[in-house]
Amino acid sequence: MHLIADRKGKVWEEDSLQDRILEWMYSRAVGRLILRPLVSPVVSKIGGSLLSKGISRVLIKPFIRSHSIDMSQFERKKYISYNEFFSRKLVCGARPVEMSPDMFVSPCDSRLGVYEINRLRTFLIKHTRYTVFSLLKNHVLSEQYTKGYIWVFRLCVDDYHRYIYVDGGKESRRFRIPGVFHTVNPAAGDRLPVYKENTREYSILRSENFGEIIQMEVGAMFVGKIENRPRTAYVKRGEEKGNFAFGGSTVILMTKAGRVQPDKDILENSMRGIETKVKLGESIGKKICDMHA
């Protein structure tokens, strides 16, 4: 169950079927027995292959109806597979990107939570708790973002699954961390806790306006995967970085202390355990003027 707010202050409860199924699987022994083969590389590869075949087109119309998707916002074309439909592209102008250099923008359509970073604070991302270090697997890098902000953009299956660079600048090489899944035998009792981490990929953007920004993509446990475009030395604000294949996924940004101030409504919602619904390209924060503070 998630509490969601729009930018006008309306709050509602959101309880997706996907989240209910995953919560049941993670919390019960029989569910974990089902999960283990499902998250194996072989099964994930087979599932992804099936969703890329022509027969998978039969899933498209029921999905559009059940999620009330406005297809007038997307390019008119005949999709050859469900995966092609899932990574569909918006028509030009459907998501205008705020280009003011002082405005910090959302990389994607999502539900957003923003939290101050410290060494011990944990963040719930795709049913797993992470610290900034456990996300990055890099002590030196994680220390650099202490007292900055982590911006967690949670995409649902009905969201637009392409994402952009939030500012122009130079992109570092990309770091990929493979996912893991296993159950841990407890010292006592019959409950088998789950230990898992999702596959993720990140790079550092040396941005024109906000200092160094980490942008990370977190893939879904099952057939979902990260499909980033080939890296170039210099990128522009609003340029498409990539997309996710089928599955709910997450984009994470990390900004250093004294660089970006999140919008008041988003920060207050996050402190109350409420995610804010945002769109790709909309302003979600402002540059802190003294970049040398």
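This is a predicted model: local features need pLDDT of at least 70, side-chain atom pairs count only at pLDDT 80 or more; totals for chains, interfaces and linings use all residues.

Trainee: Why is arginine 176 called partly exposed?

Mentor: Its relative accessible area is 49%. Exposed needs over 50%, and buried needs under 20%. Arginine 176 therefore counts as partly exposed.

Trainee: What makes the pair of glutamate 201 and arginine 176 a salt bridge?

Mentor: Their side chains meet at 2.9 Å, N to O. The cut-off is 4 Å, so the pair qualifies. The pair links distant parts of the chain: glutamate 201 sits in strand 13 (residues 200-207), arginine 176 in strand 10 (residues 175-177), 25 residues apart.

Trainee: Why is glutamate 201 called buried?

Mentor: Its relative accessible area is 11%. Buried means under 20%, so glutamate 201 falls in that class.

Trainee: What makes glutamate 14 and arginine 111 a salt bridge?

Mentor: The N to O distance is 2.8 Å. That is within 4 Å, so the label holds. Glutamate 14 belongs to strand 2 (residues 11-14) and arginine 111 to strand 4 (residues 110-116). They are 97 residues apart, so this pair too links distant parts of the chain.

Trainee: How do you know that glutamate 14 and arginine 111 are buried?

Mentor: Glutamate 14 has a relative accessible area of 16%. Arginine 111 has 3%. Buried means under 20%, so both qualify.

Trainee: Which salt bridge has arginine 174 as a partner?

Mentor: Arginine 174 meets glutamate 171 at 3.0 Å, N to O. Both residues are buried.

Trainee: How many salt bridges does a search of the whole structure find?

Mentor: The search finds 22.

Trainee: Why is valine 42 called exposed?

Mentor: Its relative accessible area is 57%. Exposed means over 50%, so valine 42 passes. Valine 42 lies in helix 3 (residues 41-51).

Trainee: Which residues form a nonpolar patch on the surface?

Mentor: Val42, Ile46 and Leu50 form it, with about 290 Å² of accessible area together.

Trainee: Last one. Why is serine 134 called buried?

Mentor: Serine 134 has a relative accessible area of 16%. The limit is under 20%, so serine 134 is buried. Serine 134 lies in helix 6 (residues 132-136). Leaving out residues up to four places away in sequence, serine 134 touches Glu197 and Arg200.

How values were computed
Residues are numbered from 1 along each chain as its sequence is written. Side-chain values use heavy atoms; hydrogens and water are left out. Patches are made of residues with over 30% relative accessible area and no salt bridge: like charges are joined within 9 Å, nonpolar side chains (Val, Leu, Ile, Met, Phe, Trp, Tyr) within 5 Å. Accessible areas come from the Shrake-Rupley method with a 1.4 Å probe; for residues, only the protein chains shown count as cover. Helices (H or I, at least four residues) and strands (E, at least two) are DSSP runs, numbered from the N terminus. Buried means under 20% relative accessible area, exposed over 50%, partly exposed in between (1.4 Å probe, protein chains only). Contact means heavy atoms within 4.5 Å.
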